Number of protein chains: 2
Amino acid sequence: MVLAEELAKQQRSISVAEFFEKNKHLLGFDSPTRGVITTIKEAVDNALDACEEAQVLPDIYISIKKTGPEIFRIIVEDNGPGIVPAQVPFVFGKLLYGSRFHQIRQTRGQQGIGISAAVLYAQLTSGLPTVVISRTGVKEQAHKFGIQIKIETNEPDVISEQPFEWDRIHGTRVQIEFKSTMSAKKKLLEYLRYTSIVNPHARFRVELDDEAFTFERVSQEVIACPVAIQPHPHGIEFGQLKRMAAASDEKLIDFLVNGFSRVGKKTAQEMCDRAGLKVTAKVAGLSADELKNLLAAMQAVAVPAPPTSQCLSPIGEDLIRRGLDKEFQMDFVAARTRPSSVYSGHPFVVEAAIGYGGRLEAEGNATILRFANRVPLMYQQGACAITECIANVNWKSYNISQQGLPLGPVLILVHVASTNVPFTSESKDAIADIPEIEKEIVLALQDLGRELKTFLSRRDRNKLAEDRARAVCAVIPEIAAKVSEIVEKPVVDTTPIEGRLMRKLIAKKWTRDGKVTIEANNYTASDVEISVYDISADNAADADMPPAFSTEMDGQFTKVWKMAIPKQTVWRVTYTGKGGGMLDIRGIEDNKKMVVDLDV
Amino acid sequence: MVLAEELAKQQRSISVAEFFEKNKHLLGFDSPTRGVITTIKEAVDNALDACEEAQVLPDIYISIKKTGPEIFRIIVEDNGPGIVPAQVPFVFGKLLYGSRFHQIRQTRGQQGIGISAAVLYAQLTSGLPTVVISRTGVKEQAHKFGIQIKIETNEPDVISEQPFEWDRIHGTRVQIEFKSTMSAKKKLLEYLRYTSIVNPHARFRVELDDEAFTFERVSQEVIACPVAIQPHPHGIEFGQLKRMAAASDEKLIDFLVNGFSRVGKKTAQEMCDRAGLKVTAKVAGLSADELKNLLAAMQAVAVPAPPTSQCLSPIGEDLIRRGLDKEFQMDFVAARTRPSSVYSGHPFVVEAAIGYGGRLEAEGNATILRFANRVPLMYQQGACAITECIANVNWKSYNISQQGLPLGPVLILVHVASTNVPFTSESKDAIADIPEIEKEIVLALQDLGRELKTFLSRRDRNKLAEDRARAVCAVIPEIAAKVSEIVEKPVVDTTPIEGRLMRKLIAKKWTRDGKVTIEANNYTASDVEISVYDISADNAADADMPPAFSTEMDGQFTKVWKMAIPKQTVWRVTYTGKGGGMLDIRGIEDNKKMVVDLDV
């Protein structure tokens, strides 16, 4: 048949660069704004990963500048360990090339696609090569490269290479120019703000056209670099086992102990026995059926979950709370780091936090912050398993209104840390709906939801108690007046009762027999530090506690006493004078104090 | 610095097969059920594309069988043109290999990833090679292959190859076995049902364990195979132009005319003039700056939109309506094929349909059917631009309730046909949010929404008019009785008034002076064809219109007249007799007729 022959002529291999050039939206280059953010994100991911490997505090400089009509120049520079000259063309000029793909540990970059995709996008839209400067140490010469990608073969195309005088001792600087229509300022600052929440050890300096911003580090502690682990016997597929076996020259027992996580001699022996294989058998010589039995045995024998303390780097509850406190002032924040778990053999940890009130918008959907391996996810919120989990929690049972997503002044943060985060696409914007991960997210959110409910109930209870007290206080003076009328005695001072009921600080001033007394009665539930301002014609020279400060103007003396008053105690000062004037208390909220001038 | 050297040692190239083995969820293999559907979908896509290229009516056989614990065998066989033996290993054993990636036309498969991903998944989970049988014509020998993929290099690994006796004259059969826990019957039948809606020329036979199903073709017409076109000058990026120029040995004017869609001599001349370039210049010799000027000129000169009639294959309004009518019986269906449009130089057409009522669920979200290039999209509805567009339309203004998505007995179908459908991931489950496409979808839906609103308003108006008429009819007999009492005349027959008001067919029978009369008065708005059944002791032998049929039993004669009665006319028959018995009208709905026996 002629047709099949004709069709055969059109069959061709497609290079991965061609593929992603045509499907650039898969890499996050579907709009000019997004291209800017994606490029910076990929460069910053690499910088932070490299600094972590080198154990230096990251100092990252970012610049965006318009250099021509619709052409933007993006520069990202770091103080990382640098890249040896021979590797630079591959790291930037070849898709699917990197050091982190084959390692089982938490890293920001995973796929060896990110930064080279930006190089690809630049050469596609502006035709300009990417300029890379890198230096690996004080004794080494810096090198400067001009790099592109050969699309048909996905191999680097080095346009230029030369030594370069650079003031940095070590680090990497990448300069990418592409067609765009805007610099995406708002989104970029949002991205950096979120990035610094989860990377408190990093400093970011940004120059955006003519504006400069700095996101200062709040921690001087380098975060530990996650250590690569071996695959877990429960998470391996037949194809992988076969390949590992073929490449091994070990005996079966050594292969199991050395090649897999959490397998000791005893466990390995048990696996061999169950598979009916000798521990001394050469792995490379096992038949497909023997390997199948081995795999079944490996997955049947109980093995502890993979170790996560070294290969994962969760942020931690305390740091999440502090990060959120710094960026959002809220009435309530709680954070939870879940125990580590496993999906398809990949260890992961879910962390979550909920904040309430404060400066959060009272109306509309809750604020959602999504993170994966300490990287904020900026796009495709609707397609993300995190969003789905948030929508699936019954927030109404935690006294939060909900319409799909929770509503009101609520902030929800979720961080998924894993040796292999399952993204929905190469642009790494959304997490795929893996049941094991979703379960952990929901558990964390439910736990935090309960805590939030307790806070809201207590707040509501307090409010209720206060309302009642207020109602009682409103009638007390009338009752007192009535009673004094009946018993024919002068009206008693009811403020102490009010103070006790309302848990307030009650300050009073009165004058009797040429003596002025000021009294502050702390009925609140906590110790207070206050200043008493007393302005009158009296100079209070003979006060039994001299004021901290006293000044005169136009015959009026301003006297200030500063003191701490423990809860449920009273403070008092007396001096000779005529009283009157004005009394004020500072250092305590308005709704916590009551000032009564009995002379007036 | 030692560190950079150490890091360099870990740098490695990642094969695309390794990448997708690790990220298999990107290809739609994230759960065992989904793996089954994805595999069948990819194989069916290829089969339909191949049959289209060969212009044969597709006859596709699908079988799923459990062959061992957790092992399922999937077979897909077609009557397409077959694949020449030399190509078979590459088509099935190499990711990113195919004939359709470099062509600008509408095809189901686009990326050369699909079926080889299934081969990869099989070897990863079951370790079994994929078996392919193919034959390219009656004079050719069929060949049978066992194929796997070399993961580290993404090259085919031919395990076995031999000639094969096959009763098919031409076609391809692929057999893939992988680990799964279920055969996904419901989802599979849903997939085939939707596929046959948009491929009315294809027959699908399915064997699922021990059950057999057939989706018969409803059209005998082969659909035209879309023809590849050249890229459009407005949709090209600098990088592509540079590559095309470097590969060309033509003069500039010929390069523009031959290499681009919709560029004639005159347009090419104008582009050259505007770029300040000679029409006779060799393209390969142009500098980067000259090419930049050329690109600017190409995009500045007005060029008609790319031709879509050949390269795209929309389903068409009529066929969509028929397809939906076949699968869903609804009260209302409307379909719209939008004019073709362009995004980033890729032509596309949006088609949409709305159905209402009938057997659709009265409660809950609307039924949404999403298609891209005649392939149903089965997963990730929430991540799809189609869903987003549906949610963004204000359905309340078309009298449809809405909570995010429209609610109630509504069906919405959207088909996006393009030379390059922008999917959100390689699993091709959801369309990315490209503004140009979203605009077309929304316009189509709004247009259909207005049509649906008209239908609903008319239905509501009809219902209102009917309610009013019913109320009037209820009092007419009483009024008639009152009037006859006052004027002292016998009660008149009010049924004609009722009939007119209610737009019904009124049949009456009465006997006077030994003559029986049957009258049928068509007050409806349309012509009717009815049968009049008259059962009584009269034989109606002298009827002025003899009955079409007459029979006697126990002294009772059943007489049947069949006739068409145009709207607003009356039919009448008279015969000698005593009357009585029973009168019935068939061939018209109950609520459209009223039968009155005045003898009773």
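Residues are numbered from 1 along each chain as its sequence is written, and chains are lettered from A in the order in which they are written. Because the model is predicted, local features need pLDDT of at least 70 and side-chain atom pairs pLDDT 80 or more, while totals for chains, interfaces and linings use all residues; side-chain values use heavy atoms, leaving out hydrogens and water.

**View 1. Domains of chain A.** Chain A is divided into domain 1 (16-215), domain 2 (233-300), domain 3 (317-457) and domain 4 (495-597), with bounds from an automatic or database domain assignment. Taken over C-alpha atoms, the centres of domain 1 and domain 4 of chain A lie 63 Å apart.

**View 2. The annotated stretch of chain A.** An unreviewed UniProt entry places "domain: Histidine kinase/HSP90-like ATPase" on residues 31-182 of chain A; such annotations may be inferred rather than shown by experiment. Here the chain is 27% helix and 36% strand, and the end C-alpha atoms are 10 Å apart. Helices (H or I, at least four residues) and strands (E, at least two) are DSSP runs, numbered from the N terminus.

**View 3. Where chain A meets chain B.** A:Arg243 pairs in a salt bridge with B:Glu152, their closest N and O atoms being 3.8 Å apart.

**View 4. A salt bridge in helix 11 of chain A.** A:Arg322 and A:Asp318 form a salt bridge, with 3.2 Å between the closest N and O atoms. Because these two residues are 4 residues apart in helix 11 (residues 317-327) of chain A, about one helical turn separates A:Arg322 from A:Asp318. Over all chains, the structure holds 60 salt bridges.

Definitions and conventions. Salt bridge = Lys/Arg side-chain N within 4 Å of Asp/Glu carboxyl O.
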